Amino acid sequence: MKKDIQELLDDHNLFARQIANVRLSNLSFDVYEFRDNYVRQVDLIFAEKSQFDTIQEAFSAIFKKELFDGEEWEVNDDPDPSDEQWITALEMGWINEYYPKKYSYMELVNKDDFISRFKNELAYLNAQEAIVKELLTRLNNVEIIQIKKGHTYDYIFGKSDSHYFLFEWGIYD
């Protein structure tokens with residue numbers, strides 16, 4: 001898993017073309033946002049594994065979902081996969097914006113540590129217990145890698161038996 005994701009982050013042209021080929025309108029995601037009354041937040045994106053042929057395709061799709069949501073773009077405005085201007089914008093701009101090299105941190109994460117942190121962060125943010133239990137059912141036999149790490153920000157990608165997911169934790173002002 002780590003090697004596949006590292007390949008995308010090392011080759012922005014490959015990653016941009018993978019992203020461009022994703023059709024968000026053909027995919028289904030579950031998106032969750034948990035925050036406290038101050039500045040702490042956890043964002044989650046889950047996608048069923050059965051929608052993807054490869055982990056690179058899944059990672060690219062989750063990134064594109066995050067990009068479209070973060071920039072408040074409409075899925076219906078998704079550029080054509082062969083649009084070279086779009087591919088160049090991804091390669092030279094958006095990938096660097098979301099994955100700056102100075103915050104790159106590719107490291108495997110212990111699954112028990114992650115599950116514990118997952119539970120603790122969501123409990124701290126007062127997530128409903130029923131939602132946490134339901135989300136935990138999606139995390140069977142997880143493999144996790146931390147992709148970005150900062151003093152007030154973590155970006156963790158993983159896969160389980162049934163889902164690919166993104167866990168993003170941060171302190172935002």
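How many nonpolar, polar and charged residues does the lining of the largest pocket have?

The model is predicted: local features need pLDDT of at least 70, side-chain atom pairs count only at pLDDT 80 or more, and totals for chains, interfaces and linings use all residues. Residues are numbered from 1 along each chain as its sequence is written, and side-chain values use heavy atoms, with hydrogens and water left out.

The chain has six helices and six strands, where helices (H or I, at least four residues) and strands (E, at least two) are DSSP runs numbered from the N terminus. Their order along the sequence is α-α-β-β-α-α-β-α-α-β-β-β.

The C-alpha trace spans about 45 × 35 × 30 Å along its principal axes. The radius of gyration of the chain is 16 Å, which agrees with the value near 16 Å for a compact globule of 173 residues; this radius is taken over C-alpha atoms, and the globule rule is 2.2 Å times the number of residues to the power 0.38. Of the 173 residues, 45% are buried. Buried means under 20% relative accessible area, exposed means over 50%, and partly exposed lies in between (1.4 Å probe, protein chains only). Among contacts (heavy atoms within 4.5 Å) between residues at least 6 apart in sequence, 66% join residues at least 24 apart.

The largest pocket has a volume of about 320 Å³. Of its 15 lining residues, the closest to its centre are Glu33, Gln41, Asp43, Glu66 and Glu168. A pocket is an open set of points on a 1 Å grid over the protein atoms alone, where a 1.4 Å probe fits, with protein on both sides within 12 Å along at least five of seven lines; lining residues have an atom within 4 Å of a point. Grid points are joined across faces, edges and corners, and the volume is the space filled by probe spheres set on the points. At least two lining residues come from each of β1 (30-35), β2 (40-48), α3 (55-70) and β6 (163-171). By class, the lining has seven nonpolar, two polar and six charged residues. Ala, Val, Leu, Ile, Met, Phe, Trp, Tyr, Cys and Pro count as nonpolar, Asp, Glu, Lys and Arg as charged, and the others, Gly among them, as polar.

Two loop residues remain. Asn126, between α5 (111-124) and α6 (129-136), has a positive phi near 60° without being a glycine, and is exposed at 67% relative accessibility. Asn141, in the loop between α6 and β4 (143-149), has a positive phi of about 55° and is exposed at 53%.
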